[in-house]
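Subject: Structure handover

Hello,

Here is the structure for you to look through. My notes follow it.

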Amino acid sequence: MLEVRGVEAAYGEARALHSIDLRVGDGEIVAVVGPNGAGKSTLVNVIAGLHRALAGSVEMAGTDLASLAGHRFCDHGIAIVPEGRRLFPRMTVRENLELGAYRRSARPQRADALAWVHELFPRLAERSSQLAGSLSGGEQQMVAIGRALMARPKVLLLDEPSLGLAPIVLDGVFDAIGAIHASGVSVLLVEQNVDRSLAIASRAYLLTEGRVTMEGPAGELLASDEMRRTVLGL
Amino acid sequence: MIRRGLLGFGLAYLALAALPFLRDAFGFPVFYLVFLSTIWFWTAQATSWNILSGYSGYFSFGQAALVGVGAYTTAVLVGRQDWPFLATLPLGGLLAALLALGIGALAFRLRSLRGEIFALLTLAVPFILGSLARILPAIDGGQGITVPAPDAPDPIGGFQELLYLLSLTVAMGALATAFLVQHSRTGWALFAIHDAEDVAEGLGIPTFRAKMVAIGLSGLIGGLAGSLFALQIGFVTVESVFGLTIPLFVIVMCVLGGRTSWLGPLLGAVIIVTLQDRLASAGFQGWSLVILGSILAALVVLAPDGLVARLRARAAPVAAAFVVPFVALAIVGFGDGLVDWLAGALIAAAIVAFVPVPASLARSVRARVGRPTDRGTAAEPATQRPPLTTEPLPAPPDAGSSGPVLECADVVKRYGGLRALDGVSLRIDAGELVGLVGPNGSGKTTLIGILSGALRPTSGSVQVAGRPTAALSAHEVAHLGIARTYQIPRPFGSMTVRDNVAMAVMFGRRAMSIEAARDRADRHLEVVGLAGRASHRPSGINLHERQLLEMARALATEPRILLLDEALAGLNPAEIDQAVEVVRRIHASGVTIVIVEHLLRVVNQLATRIVVLDQGRLLAAGEPAAVMRDPAVVRAYLGRLADA
Amino acid sequence: MIYLQAAVAGALTGGLFAVMAVGMSLTWGMLRVINLAHFGLILLGAYLTFQLATGLGIDPILTLVVSAPVLFAVGALMQLAFDRLGLTEFNSLIVSFGLLIIIVQLTSNVWSADFQRMDSDVNPYATEAVTIGPLAFPVPTLLAFVAAVLVVGAAHLGLTRTYPGRALRAFAQDRAIAAAFGIDHVRLGTLLAGLSGATAATAGMLFALGNAVIPTAPFEWVGIVFAVVILGGIGDAVGTLLAGLVVGAVSGLVSVTLSPAAAPLVIFSAVILALLLRPDGVFARRPA
């Protein structure tokens with residue numbers, strides 16, 4: 001489904017990613033974990049077309065997207081739930097969701113998609129006409145996920161969905177990720193919360209200082225000492 | 001340097017002031033005096049604008065307000081009250097200066113003043129003054145005021161000669177002032193404001209004062225020249241002084257000439273006035289504004305640095321392109337004489353100055369001439385840097401003191417509904433090296449901003465060296481002995497690496513001259529291993545070096561306590577090791593350090609104590625190994641992995 | 001009664017300021033371009049109306065059929081150029097200042113530096129007035145008010161109800177994320193700048209209906225229109241309308257109570273206060 005090969009990226013002269021290879025198969029949940037500043041967000045941004053790679057390819061179902069303009073990535077079935085939510089704060093919940101379905105091929109199924117999002121997060125139906133900027137952190141996260149789902153993605157990219165959320169709210173978010181996965185959407189989950197993300201993922205990658213330093217079944221990574229060392233710096 | 005410069009201005013003034021008296025001897029037409037008077041008027045106006053807007057980057061659209069105040073002061077007092085003109089001249093300057101200071105006092109107090117807002121603010125002022133002049137019969141009342149030409153004192157001759165000498169005096173005074181400001185502490189402060197204002201303030205530069213000095217001088221010069229303008233036009237109306245043409249001309253001149261030097265406005269004025277004059281005399285005045293507009297639009301896009309910067313890079317070719325056509329045109333006797341030759345030569349010189357040269361050609365020429373490039377474009381690889389000196393650093397002034405150097409109590413910072421910090425209390429003792437860590441978004445950078453005085457807490461208090469900082473501005477907090485670096489390096493882009501550091505020394509707790517500051521700056525650059533890059537521009541060094549520059553600059557303020565915000569982000573392992581070594585040495589010299597870093601292995605190695613923030617709260621603090629075993633910390637980083 | 005007349009007549013005239021300001025405000029708020037050349041487009045619109053009505057005898061209002069598409073194209077092309085050059089907000093101000101004076105000079109070369117007024121036989125609106133009870137209003141100002149309500153209403157509906165409009169608002173709030181959901185900022189920016197050009201044509205037409213046109217007119221508009229944009233809140237269409245009406249009414253009232261020359265004093269003092277105290281706009285309601 002999603003195949004990343006040899007991706008290099010930088011911010012100005014600051015190298016962020018070194019030759020990253022990563023794969024998300026059909027119907028998989030894949031986690032990318034690692035300490036702060038390891039390049040996880042950069043990787044997600046490259047896949048979503050928010051940040052241009054210096055080298056390498058990002059393929060969706062065999063088509064290389066790396067040379068496309070940023071706004072064309074979503075046409076190929078990629079949608080992002082960005083770090084820090086990044087909703088359109090001065091627009092209503094409803095408007096935020098509908099903008100998720102902006103791309104032409106998603107528009108006809110807008111009503112279905114909206115119904116699905118409301119089923120997943122009934123809270124959002126109640127908050128429909130409220131400004132997104134006035135919601136609580138957990139509700140904002142729901143809108144961010146809902147907005148991405150409105151684009152009818154084949155692969156959903158989630159960047160630090162746990163950031164700043166209370167544990168009980170987090171449970172709801174992870175339940176929703178499970179449900180989304182069950183409906184047939186592949187998920188690439190980037191998290192600092194190692195425990196939570198590895199519990200839900202089938203495979204995982206450990207990213208350290210811009211390189212993949214471990215990959216394999218989620219359970220294996222969870223049990224490894226290397227993981228603990230890297231993330232806690234011990 | 002300054003003395004020689006002033007001597008130069010004095011000699012130039014004397015030579016130019018002799019012109020009217022030589023007229024009989026050489027028999028040149030009075031038109032030349034009129035032409036030069038116009039140049040002097042615009043030189044003064046452009047210089048007035050440049051001292052504030054060019055040097056500090058706060059663009060003003062309100063130049064007409066200064067001209068208007070000067071012109072109406074003279075017009076009312078001379079035209080209606082029969083004052084002698086010369087008595088009104090200083091008054092016009094003074095009133096304009098007061099107006100400018102008033103605007104500055106209002107605008108520069110705003111913490112969130114952006115360039116566009118200042119530009120619009122100044123755009124509104126001439127409208128208000130014009131409206132006042134129109135409704136108040138004591139000023140204008142709507143009919144305009146005639147300004148009778150004063151009698152020239154005996155040796156000067158006629159009115160044109162008098163106007164020429166007065167304009168020359170004001171213009172030369174303005175240029176000398178701009179020169180002095182440029183080379184003064186205020187000038188350096190203004191350039192630092194232009195490049196990165198909040199960084200400047202954080203390094204201890206009193207930015208508000210510098211801006212007030214600049215706007216006051218700008219007002220004084222603008223008002224003096226405005227007063228002369230009344231004399232020059234002879235009939236003052238609201239339209240003639242409060243219109244938008246004056247700011248337009250002034251801005252075009254400065255953008256064309258270059259905004260970072262006193263010379264820029266002069267060059268711009270000479271070129272634009274000559275161009276205007278020739279176009280008018282050739283019957284093309286209908287195109288002069290089209291040309292001015294095109295110059296402005298094209299320069300902002302293509303060559304925003306202006307002529308002065310180009311002159312520095314290509315002095316000889318430009319000079320040749322000026323002299324050769326001038327002589328050639330003179331020999332063939334082109335056009336109407338001097339002004340036509342001048343126009344031709346200026347155009348040739350400007351073309352040579354601005355036409356882009358292919359990079360390959362420039363490089364081969366430079367290689368042959370062997371002159372170092374101004375910007376130091378091709379930075380050599382970092383490995384060629386000389387090894388760090390290993391001798392211990394000199395101790396900072398307050399080394400050896402003990403007890404708390406930095407304390408904060410119950411600090412809360414809210415952005416809208418978001419609580420970035422939620423009641424943080426922290427005490428840091430002299431000699432500590434504290435690692436501040438926490439997940440993304442836990443409030444580390446916000447805390448650094450509040451501790452350094454750049455941000456104000458919503459509630460709670462901060463004390464540096466026992467003094468509460470609530471009532472202090474950021475540069476005063478800096479002078480208590482606190483310095484910070486930025487996660488993304490923010491050097492002063494228009495200055496060399498050495499001068500970046502010298503700024504911090506010069507405006508540090510022990511003020512000193514730029515020359516003395518440069519010597520000390522070199523020592524600080526050695527400490528971080530950047531001595532070999534001292535004369536490069538920040539754009540010519542790599543990220544790692546820019547981060548070291550951040551450290552050198554912070555160190556140069558001689559802080560008691562240094563806050564390092566992710567100073568190692570984006571570096572490769574070798575660079576990280578080197579930077580860690582630098583941090584160690586700074587700490588060993590007696591500076592207390594707080595380092596924010598997400599590479600926990602680095603923090604664990606360096607820190608004597610670790611403080612963990614999570615969701616804006618203090619989660620844990622203590623000795624590194626113990627904190628990293630704290631279940632709450634492990635959970636914040638790993639989730640429940642710890643229990644598994 | 002004289003005060004009521006002055007205030008209402010002023011508010012109607014304020015409609016013209018609102019039409020002038022709305023395109024400026026939206027391109028500024030959405031595209032981060034401070035386009036002073038917008039005033040040049042208004043001037044061109046006024047001259048196109050004058051030329052087509054005087055030269056070909058077309059009804060001045062119908063000249064929009066020509067001038068609106070022409071200025072749509074000019075505005076769109078200008079935005080494409082700005083976008084290609086990647087200008088900062090501040091540099092756009094300076095570059096478009098240059099463009100404005102080029103336009104002013106060119107119109108002066110074509111139509112002379114003198115006042116040009118449409119004759120009453122081609123412009124029947126100039127001399128008519130509508131009386132409502134004791135109040136009388138010139139038709140051009142009434143038309144300006146109607147046009148302001150229509151233009152601002154259309155802009156508001158467009159921004160809140162249509163996909164491109166919502167996409168523009170989203171783009172103004174977070175460019176990168178908007179792009180990630182397929183929003184093409186070049187296309188939308190060009191569209192908005194084109195529509196803004198069309199509103200400039202409308203404003204120019206309305207100005208020419210009631211006034212004589214002169215190439216330096218933009219310099220008289222700059223101040224008042226900036227006042228309306230800033231008081232209304234940058235990027236806020238409805239705020240612009242409210243601000244235009246209030247500025248117009250205040251001008252009208254000050255003109256009667258003090259003197260017409262005092263109006264700028266009051267309005268620009270208000271602008272300075274607004275910039276200092278509420279840089280986001282006084283009449284800004286829910287920002288776009």
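Are α7(B) and α8(B) parallel or oblique to each other? They are oblique, a word used for angles that are not under 35 degrees (roughly parallel), over 145 (roughly antiparallel) or 65 to 115 (roughly perpendicular).

Some conventions before the details. This is a predicted model, in which local features need pLDDT of at least 70 and side-chain atom pairs count only at pLDDT 80 or more, while totals for chains, interfaces and linings use all residues. Residues are numbered from 1 along each chain as its sequence is written, and chains are lettered from A and ligands numbered from 1 in the order in which they are written. Helices (H or I, at least four residues) and strands (E, at least two) are DSSP runs, numbered from the N terminus.

The helix pair in chain B

Helix α7 covers residues 185-202 of chain B and helix α8 residues 207-233; they pack at an angle of about 135°, with axes 9 Å apart. Axes here are lines fitted to C-alpha atoms, for helices over the stretch in contact, and angles run from 0 to 180 degrees between N-to-C directions. From α7(B), the contact includes B:Leu190 and B:Ile193, and from α8(B) it includes B:Val213 and B:Ala214. Two residues are in contact if their C-beta atoms, placed from the backbone, lie within 7 Å. By class, the contact of α7(B) with α8(B) has seven nonpolar, two polar and three charged residues. Nonpolar means Ala, Val, Leu, Ile, Met, Phe, Trp, Tyr, Cys and Pro, charged means Asp, Glu, Lys and Arg, and the others, Gly among them, are polar.

Chain B as a whole

Chain B has 25 helices and 12 strands. Its C-alpha atoms fill a box of roughly 95 × 65 × 40 Å along the principal axes.

Where chain B meets chain C, 31 residues of chain B are in contact with 36 residues of chain C. On the chain B side, α5 (115-135) and α12 (285-302) each supply at least two residues. The most comes from α5(B), with 15 residues. That side of chain B divides into 21 nonpolar, eight polar and two charged residues.

Strands in chain A

An open sheet of four strands runs in the order β2-β1-β4-β5 in chain A, with antiparallel pairing; strands pair if DSSP finds at least two bridges between them. β2 (14-24) and β5 (63-64) of chain A are at the edges with a single partner strand each, so one side of each has no neighbour in the sheet. Two bridges join β4 (residues 55-60) of chain A to β5(A), where A:Asp64 is the bridge partner of A:Glu59.

Strand β3 (residues 29-33) of chain A is largely enclosed by the rest of the structure, because five of its five residues are buried. A:Ile29, A:Ala31 and A:Val33 point one way from β3(A), and A:Val30 and A:Val32 point the other way. In a regular strand the side chains alternate between the two faces of the sheet. β3(A) runs parallel to β8 (residues 186-191) of chain A, with five bridges, and pairs in the parallel sense with β9 (residues 203-208) of chain A over four.

Regards

Terms used: A residue is buried if 20 or more other C-beta atoms lie within 10 Å of its own, exposed if 12 or fewer, and partly exposed in between; C-beta atoms are placed from the backbone.
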